[in-house]
Amino acid sequence: MRIILASASPRRKELLAKIFPEFEVIPAKGSERFTKCKPSDIVQQLAAQKAAEVEKAEFGNCRETAAGCMDYLVLGADTVVVYQDQILGKPQNESHAAKMLRMLSGSVHQVYTGVAIRLMLHGEHQCMEFAECTHVRFYPMTDAEIKAYVHSKEPMDKAGSYGIQGMGARFVQEVKGDYANVVGLPVAKLYQVLKKIEEIALPF
């Protein structure tokens, strides 16, 4: 079975390796568009777009014909940070990053990750999607701390302008839920979903 991660995120690559020792990384390149309103629905929709794009590029019309198609699993994921019902994506520039960090300072926000699975198994095509939510509380941050953190460049490619697995960890007071979900992939929930598909050979 070919297993493909449709994401360029090195963090998701590290997390998926906890389930599958060997897999391919083929990032989706299309623009992200959503029509949903709820954060949990949005991340699932975006994750599904990524998985579907890579599936189509790699396997063409295989899902329609099914017969003679090799087994494969394509996984897409998308993460957003939500503060008071406002979605915080990746910052546009340093001032935007600082603005988001000031919003998160001393408060609680939510991190949603959506996961989409496109699976071809023994000629049968399946689609599965789910979302996980984790609550994160930040300590109050001074302007000097925010300025220094933004200057480090770490926030610039992160949803919500911080990386919990990096220097951003110094500001995290409490995490309620799956820590790995904040990093970018709810690996434990994913493992439980995959366990229900008995034909997939998991390491143990």
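Analyst: The chain exposes about 10,500 Å², of which carbon and sulfur atoms supply 50%; such accessible areas come from the Shrake-Rupley method with a 1.4 Å probe, and for residues only the protein chains shown count as cover. This is a predicted model, in which local features need pLDDT of at least 70 and side-chain atom pairs count only at pLDDT 80 or more, while totals for chains, interfaces and linings use all residues. Residues are numbered from 1 along each chain as its sequence is written, and side-chain values use heavy atoms, with hydrogens and water left out.

Turning inward, 50% of the 204 residues of the chain count as buried, that is, under 20% relative accessible area, whereas exposed means over 50% and partly exposed lies in between. A nonpolar core is a set of buried Ala, Val, Leu, Ile, Met, Phe, Trp, Tyr and Cys residues joined through side-chain atoms within 4.5 Å. The largest such core has 48 residues, and Ile 117, Tyr 162 and Leu 190 touch the most other members. Its largest share, 6 residues, comes from helix 4 (residues 94-104), where a helix is a DSSP run (H or I) of at least four residues, numbered from the N terminus.

If residues up to four places away in sequence are not counted, Leu 190 touches Leu 16, Ile 19, Leu 75, Val 115, Ile 117, Phe 130 and Leu 185, a contact being heavy atoms within 4.5 Å. A second, separate core of 12 residues includes Ile 4, Ala 47, Ala 48 and Met 120. Among contacts in the chain between residues at least 6 apart in sequence, 69% join residues at least 24 apart.

Key:
Buried < 20%, exposed > 50% of the residue type's maximum accessible area, 1.4 Å probe, protein only. Helix = DSSP H or I, 4+ residues; strand = E, 2+ residues; numbered from the N terminus.
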